[in-house]
Amino acid sequence: MTAIKIIIKKALKNRPVPFFIAKAALNILNLNYIFHFFKFLFHKIKIYFCYLFQIKVEADYFLKCGISPTRLKALEALLNLQITEFLKKKYSRKFVYIEVGAFLGKTTEILGSLLKKRLGDNFQIIVIDPFIPYTKIFFYDFIISSVHKYFIHNMKVTGLFKYLFFIKNFSSIGFKILKNKKIHYDFCFVDGSHKYHDVLKDIKNFSKIRLIDYGNKSYKGVLVGDDYEFSYEELCIIDKKKEKIILNLKKNNLYNDSMVCYENYWFHPGVTFAIHDSGLKINKDINGLWFLN
Ligand SMILES: C[S@@+](CC[C@H](N)C(=O)[O-])C[C@H]1O[C@@H](n2cnc3c(N)ncnc32)[C@H](O)[C@@H]1O
């Protein structure tokens, strides 16, 4: 956009009348909006194309959200281990996988395919997501309510829809429903809201309904979460003297869903501080996942 403005400015340098006409036209039309409008049009055409030809809706300029490929690999490895444990116990019940925050269902698809490959039909996927604006990030909040349809479409295209129990609500409500139904999980992945109070609630709630086999103590449901770039302890090591600044960082970011930069390190404050305050012994892997096993 700025480049276009510079080119026009140079071209019309010694011609004040066309210059002012061009400037007025640019201001009226605001090329930025036109640019986004065409991008959005292209995005919509892509969506109709996906519906028409039964293709998955993938992330794009407007659908920017999802787990990183390295974390997805690490998550797959954790699920693989848990499936092995489950198979060793020769349970006759179904393996229960819960996902909090699904967006387009990229993780649901990868982990669902792994479950299908190793367990046949012997598993159930429970997804909890309200699909309503929550970030105050313009495009994200603009698009999120449509993502619900794309998620369901993607589950149908990937053949996972028949294993799906979908709760279109906040994780706190989803948790109550599952608790009332006495559902316990083998594996739960939390990647919903990244705001401090939401993460804290998710950790506390979902750690309560993991499956613990008392007759067979070595088997426990695994709770995993995304976006744990730095632990509280690691932040303190970065800056030993400034614990007060770190606590201010927490106070100023209680309602922040996104990452912040501290001393050149990017991290999700909501996740880091909620894990620290949960009082649970939560592990951190090198890829930025947290887990309780
Ligand atoms: C980071 S995206 C999830 C990405 C997804 N796990 C993936 O791998 O592609 C966050 C999702 O969490 C959902 N979400 C936001 N607040 C939530 C809440 N309180 N409970 C459950 N889900 C929530 C959003 O609607 C969004 O779909």
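This is a predicted model: local features need pLDDT of at least 70, side-chain atom pairs count only at pLDDT 80 or more; totals for chains, interfaces and linings use all residues.
Seven residues of helix H11 are buried: Pro 269, Gly 270, Val 271, Thr 272, Phe 273, Ala 274 and Ile 275. Buried here means that 20 or more other C-beta atoms lie within 10 Å of the residue's own, while 12 or fewer makes a residue exposed and anything in between partly exposed, with C-beta atoms placed from the backbone. The helix spans residues 269–278, and with 7 of its 10 residues buried it is mostly covered. Helices (H or I, at least four residues) and strands (E, at least two) are DSSP runs, numbered from the N terminus. The cover over the buried part of H11 includes helices H8 (196–208), H9 (232–238) and H10 (243–252), along with strands E6 (260–262), E7 (265–267) and E9 (290–292).

Residue numbers start from 1 along each chain as its sequence is written.

Zooming out, the protein has 11 helices and 9 strands. Its C-alpha atoms fill a box of roughly 85 × 60 × 30 Å along the principal axes. Of its 293 residues, 30% count as buried. Contacts are residue pairs whose C-beta atoms, placed from the backbone, lie within 7 Å. Among contacts with a separation of 6 or more, 73% join residues 24 or more positions apart. The protein splits into domain 1 (2–52) and domain 2 (69–293), with bounds taken from an automatic or database domain assignment. Between the C-alpha centres of domain 1 and domain 2 there are 41 Å.

Next comes the sheet. It is open, with 7 strands in the order E3-E2-E1-E4-E5-E9-E8 and mixed pairing. Strands E3 (164–167) and E8 (283–284) sit at the edges with a single partner strand each, so one side of each has no neighbour in the sheet. Strands count as paired if DSSP finds at least two bridges between them. E2 (residues 123–128) runs parallel to E3 and is joined to it by 4 bridges, with Ile 126 opposite Phe 165 in E3. E4 (residues 187–190) and E5 (residues 222–225) are also linked by 4 bridges, in the parallel sense; here Phe 189 has Val 224 in E5 as its bridge partner. The pairing of E5 with E9 is antiparallel, over 3 bridges, and puts Gly 225 opposite Trp 290 in E9.

As for packing, nonpolar side chains in soluble globular proteins tend to be buried together. A nonpolar core is taken as a set of buried Ala, Val, Leu, Ile, Met, Phe, Trp, Tyr and Cys residues joined through C-beta atoms within 7 Å. The largest one has 52 residues, and Tyr 97 and Cys 188 have the most contacts inside it. Not counting residues up to four places away in sequence, Cys 188 touches Ile 98, Phe 206, Arg 210, Gly 221 and Leu 223.

Leu 111 belongs to helix H5 (residues 106–119) and is buried because 23 other C-beta atoms lie within 10 Å. Leaving aside neighbours within four places in sequence, Leu 111 contacts Leu 75, Glu 76, Leu 79 and Tyr 97. Leu 249, in helix H10, counts as partly exposed because it has 18 C-beta neighbours inside 10 Å. With neighbours within four places in sequence left aside, Leu 249 is in contact with Tyr 262 and Pro 269. Leu 254 lies in the loop between H10 and E6 and is exposed, since its C-beta neighbours inside 10 Å number 12. Beyond four places in sequence, Leu 254 has contacts with Tyr 196 and His 197.

Finally, the ligand. A residue is near a molecule if its C-beta atom, placed from the backbone, lies within 6 Å of it. There are 22 residues around the ligand, and those that come nearest are Gly 66, Gly 101, Thr 107, Gly 192 and Ser 193. By class, the shell has 12 nonpolar, 6 polar and 4 charged residues, where Ala, Val, Leu, Ile, Met, Phe, Trp, Tyr, Cys and Pro count as nonpolar, Asp, Glu, Lys and Arg as charged, and the others, Gly among them, as polar.

Key: Two residues are in contact if their C-beta atoms, placed from the backbone, lie within 7 Å.
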